[in-house]
Number of protein chains: 4
Amino acid sequence: VAATVAVGLGAIKRGLASPNGLATACKPLCELALAPTSRIELGGHELIGRTPMETADLLHRRSGLFGERLLARVRGDLREFQRNIRPGTAIGCGRAIEELSPRPRGARSGTAQQAIDRIRRDLRDFSRRNRLDRVVVINVASTEPLIRRQGLPDRWAALDRQLGKRSGAAPPASSLYAIAAIQESMPYINFTPSLGCDVPAIRELAEARGTPIMGSDGKTGETLLRSVLAPMFRARDLRVLSWTGHNILGNRDGRILAIPANKAAKLSNKEQLLASILGYRPHTHTGIDFVESLDDWKTAWDHVHFEGFLGTKMNVQFIWQACDSILAAPLVIDLARLADYHASRGGRGVMTHLACFFKAPMGVSEHSFAKQVDALHGYVQDALRR
Amino acid sequence: VAATVAVGLGAIKRGLASPNGLATACKPLCELALAPTSRIELGGHELIGRTPMETADLLHRRSGLFGERLLARVRGDLREFQRNIRPGTAIGCGRAIEELSPRPRGARSGTAQQAIDRIRRDLRDFSRRNRLDRVVVINVASTEPLIRRQGLPDRWAALDRQLGKRSGAAPPASSLYAIAAIQESMPYINFTPSLGCDVPAIRELAEARGTPIMGSDGKTGETLLRSVLAPMFRARDLRVLSWTGHNILGNRDGRILAIPANKAAKLSNKEQLLASILGYRPHTHTGIDFVESLDDWKTAWDHVHFEGFLGTKMNVQFIWQACDSILAAPLVIDLARLADYHASRGGRGVMTHLACFFKAPMGVSEHSFAKQVDALHGYVQDALRR
Amino acid sequence: VAATVAVGLGAIKRGLASPNGLATACKPLCELALAPTSRIELGGHELIGRTPMETADLLHRRSGLFGERLLARVRGDLREFQRNIRPGTAIGCGRAIEELSPRPRGARSGTAQQAIDRIRRDLRDFSRRNRLDRVVVINVASTEPLIRRQGLPDRWAALDRQLGKRSGAAPPASSLYAIAAIQESMPYINFTPSLGCDVPAIRELAEARGTPIMGSDGKTGETLLRSVLAPMFRARDLRVLSWTGHNILGNRDGRILAIPANKAAKLSNKEQLLASILGYRPHTHTGIDFVESLDDWKTAWDHVHFEGFLGTKMNVQFIWQACDSILAAPLVIDLARLADYHASRGGRGVMTHLACFFKAPMGVSEHSFAKQVDALHGYVQDALRR
Amino acid sequence: VAATVAVGLGAIKRGLASPNGLATACKPLCELALAPTSRIELGGHELIGRTPMETADLLHRRSGLFGERLLARVRGDLREFQRNIRPGTAIGCGRAIEELSPRPRGARSGTAQQAIDRIRRDLRDFSRRNRLDRVVVINVASTEPLIRRQGLPDRWAALDRQLGKRSGAAPPASSLYAIAAIQESMPYINFTPSLGCDVPAIRELAEARGTPIMGSDGKTGETLLRSVLAPMFRARDLRVLSWTGHNILGNRDGRILAIPANKAAKLSNKEQLLASILGYRPHTHTGIDFVESLDDWKTAWDHVHFEGFLGTKMNVQFIWQACDSILAAPLVIDLARLADYHASRGGRGVMTHLACFFKAPMGVSEHSFAKQVDALHGYVQDALRR
């Protein structure tokens, strides 16, 4: 995703592509005084030794994305991004990540607190060197194994103490980045199903510091469609008997999700959404299969079996064929701009108005996409009125 | 549809079926003081000699609807309905209807005014014999050929004069029923793509008389899905390049729609909706093919080709397999109850709050299903507050 | 399946249904002097307490099969079938079967030899009481857990000795029926993925006795389509990169297949077929999900990703929506007639000419459906020439 | 197609691509002593001013085919091909072709005989300049409007006389190329649904001259699948009630096929095939819709409604998403090599053994793809045995 964000920002800046696909470039969001995309600088933490340019080349060769000419012209932008990348931390990322080849660069040694301190230094350094007004930290790493947040203390003071110890449950990497960002007063957004900032102790820290946070799990494909379609069944009182889905995909995300522990995190978000919208729990099943030949292209087949008037059974099926990173990248840019805007206006705590971007929006129980979009538009109207 | 409405009302009244599929049986609509379904009496005008029981039997034998036991137990209800059926008028129904075998019973002779007078007598008679508080007239006949409303006078006074003449453009049957109903102060709803009450002169009459009206074209299947999905493409700025659909169905509706003139009326509603929601006009094509073996089961395949970030082309396809009359019947019951409620509260003119039921809602430019449902729920909240 | 076979034979005998769907009623198979369907008598062994009539009623009520009128008229045939049903044996059927409710009637106590002896008595008794010329035994029971045939002795003499012991690996029920049938000189056919007669020692017995046998696993739906489509990819040198399938179904078969051990037997047949036809092993994945609301209706979605000229990736997807027992029942009747015919002509051993009916045809490495049909037609021509 | 053939031959010759997708590179066809692909020279007639390089660039830019690096390296091969291209004739190509912009270069003036004479000179010239052993002429032009061959004389002598006249029915361009090729003793193959050599008088000429000919209409996508699937319905006695297809495509082929007269030629081949394989005529409907955004990618949705045992209705649907020119190009190369081989062995007249390549194979009533492939393999075995 990060490489696609970089290619996209470079292409838009150089007039090689329209900002199509960016909700923040359209009405009504574009009416807010958002930071121009041309002024965004990219940095990051990374475990794999691959550079953004290498990733972009791979996406082009294997998945047919971008053009060779486009890639040639944004090469400079990707190099600049590369200069801002530092080794990440692999704490709590699970065996799948550790066993990647080439070996991840991020050290697993040291305490969580040491990792946080290092991340904070990197963030400050990135901000200073690029003379930035504000840094927004967005987690776009591979999904971590499902971790029970129950193992972590509920209060920040207790969690804070634990971070310095060498034993006991440590929060996963996604949460360490969250803590670091919050402590640096940099808005943090979790675009993955990993734990991130969705821990009571970390939310407490964000509230106390007044740092905006939001998550989790970007809503890009099958789940987006589910959050669009499911409200119709409810409005028409068509009773969903079963909702079965099967996803096939071939990128690294798919490889990681083929591992049961990592898949569990993803699926739990997908299935809770249906029950929440429908008001009851139909039979659901969501399969994920790693199919290497598909590369970044993802195909989802969903079969919805439903019962209408006089108990008549009917069905609708959809097939979604789309490119994961192409769907995710503009959302990441939108989120960065909207979080920056919110922070610039003194906003703090959980940004519930951004629910429409997430599969499991923090602090929001409404899962209908249309209603979530209404909420975001309501926020815009309020902001413009002020 | 009418036969399915009768079977359904009978089954619910006798406790043989739950009211599943009726939006008026669910929150929030059920909170209105609507007429109980058990107190609804059915009547109608018909061109074909088939009785409701014969139609219900056919739906059972050919399409697998209802059970034999259920049909046996609602036989009395269907006979009662049959007693309230009168021969209709075939004026303006097109050659497709005239060539049906057995021959339509409705006379084509006489002036439009004579047909209206006869319909009004039938309606009054139906009301009186059944001691009804209110009659709601709903057009569920086969689609008429597309008629240019431009041929008709814009003012009621002029149209009224023309109705008595033997020459000159006459409104089609759907409009004659509308005039009759409005003049009897009975709410009129056009559930078909036919012209009905969507003529300036007839709207003028309805406003003057204070009779509630609404239409056109019940939103049951493919178009319902389009009005649910299309807003997502707009919200995410995914540019729809083409939206192609192909429908196959085997009931009489399908046979009529296989005739180009009749099909034209249907398609124009389907395609305007997309342009209205998206804000631009993508390539669209909607095919309809009559496949007798499918009977009342309708399959729609839709292919949406869209462009996302960096001009990347992706697609989503859906396949909808449902039973037309089973989807339409509960909407007809819902509309009858809601129109009755509206009239009982002194409501008048175009019932724009019912837009979510229609492919081409009169007086409403909003085509997003979610927003239309919001509008209906807003109406309910206002009504409950009073 | 057995109940559907009984309803079908009754309906055809009474002229209530055409023999549509029976390959043996069509050219060229109908040119053989096969036993008339009206002279077939049904019997069986059963573990569940449900009668054929109850099963047929359930299929009607839940899955919409048969008509109430038809069921009423074949009631006598189903009762007669019921009279010929005896309690089966549950040896080796796995926990899934044992935990069925109501509890299976078949005893699990005693040695395998005792079970075989009892089955042989039942078979002789069935033959005598109905004055039959020949009995064909067909296994249509639920799939047993995958059993390694390696645990069983390779020679009949050794296996025979082991059957009488109370300890050591025993063959599963499907194999015990096979042994009993072969010893009674009754042709045995395994329509399921269970082990059945596909054990070297049992094949040795069949060859020695001269009893015709065949299996395994009736080819009815998704796998049938695969054996039809896959040869095209080979003939056109379109390289299959991945072949992913997902099945959803709601009958007892589906419930049993939701259990991993039982599913394994099924899947191994499905996936070996592709490699065998294509000549290489593409990525394959076949999911099965039990969706109760679908009852006997099964939906399979298959996605084939393939590479053509100049490495271009393309795909084809199919969706198969069919009724399992309706597809299987005529094959069972066809197999009974063809096995009877073969035995009547002195045929013996593995009936390789019946390969087109099976997912994993014994003694046949050709998996292309077209070539298998050619082989069967060749057999017919040879038989007619004699 | 021609540009893709040129890119492909260049890429294979230079070792930039494997011959994947060429049936003649696989067993058993590769066992024949076929001309090596590296020795094939391309020439042609063309109406549009676009060069092969421009077409290849368009396919790359719009449809994502080939790579920029690959295109750069075969640039010389495409230039060489360009040098061998001459202006074609537009006689009988229909208004669709004439109205293309930029205007077709081919003259419509002069008699058919003059056009033939010019084509023959071009062909001889091409052969001489490139010092070729043999020329095979393959029609890959856009589909001509459906022409009734009844208008043309049945005997060659009569047709020959007519060709020189300025009035009266003239054969379309595809037939003029056929006549020219046959008279030059160059095998002629019609890869399109146009009339070509499928005229009694022209077949008479081919038989008399001993020139091999074959056609019509390359079987690449939806129809290929139909000829693979339909035999299964027959073998299993599953009665096809309806077979409905809808195609969407965006290349020039699609633009031409959007014109009713041109579409008619295509559809008649597609639908006759089903009736021929099944032995009866189910309801069929095949729609074609031009969707510009799809470019060379074609999507076909087919819905097959069928009836099985006891009159149970079931269905299978497939969605085919493939690239037209990528599927067609290797067939064109295969046909060229096989026609050359046949001619080199003294073969003459209609090459019925090539039926598996065509939707409407001349002189062959067998439409099952599997049986057609068997026939081709039989030809290979005979040839090898000699």
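Guide: Two strands pair if DSSP finds at least two bridges between them. Strands here are DSSP runs of E, at least two residues, and helices are runs of H or I, at least four, numbered from the N terminus. The model is predicted, so local features need pLDDT of at least 70. Residues are numbered from 1 along each chain as its sequence is written.

Visitor: What makes β7 of chain C an edge strand?

Guide: Eight strands form an open sheet, ordered β7(C)-β6(C)-β8(C)-β9(C)-β9(D)-β8(D)-β6(D)-β7(D), with mixed pairing. The β7 strands (283-290) of chains C and D each pair on one side only, and they are the edge strands.

Visitor: How do you know that β8 of chain C pairs with β9 of chain C?

Guide: Count the bridges: 11 join β8 (residues 297-307) of chain C to β9 (residues 313-323) of chain C, and pairing takes at least two. These two strands run antiparallel.

Visitor: Why is α6(A) called roughly perpendicular to α7(A)?

Guide: Helix α6 (residues 156-163) of chain A packs against helix α7 (residues 173-183) of chain A at about 115°. Angles of 65 to 115 degrees count as roughly perpendicular, so α6(A) gets that label against α7(A).

Visitor: Which residues make the contact?

Guide: With contact meaning heavy atoms within 4.5 Å, they are W156(A), L159(A) and L163(A) of α6(A), plus L176(A), I179(A) and Q183(A) of α7(A).

Notes: Chains lettered and ligands numbered in written order. Predicted model: local features only at pLDDT ≥ 70, side-chain atom pairs only at ≥ 80, totals over all residues. Heavy atoms only, no water. Axes fitted to C-alpha atoms, helices over the stretch in contact; angles between N-to-C directions. Parallel < 35°, antiparallel > 145°, perpendicular 65-115°, else oblique.
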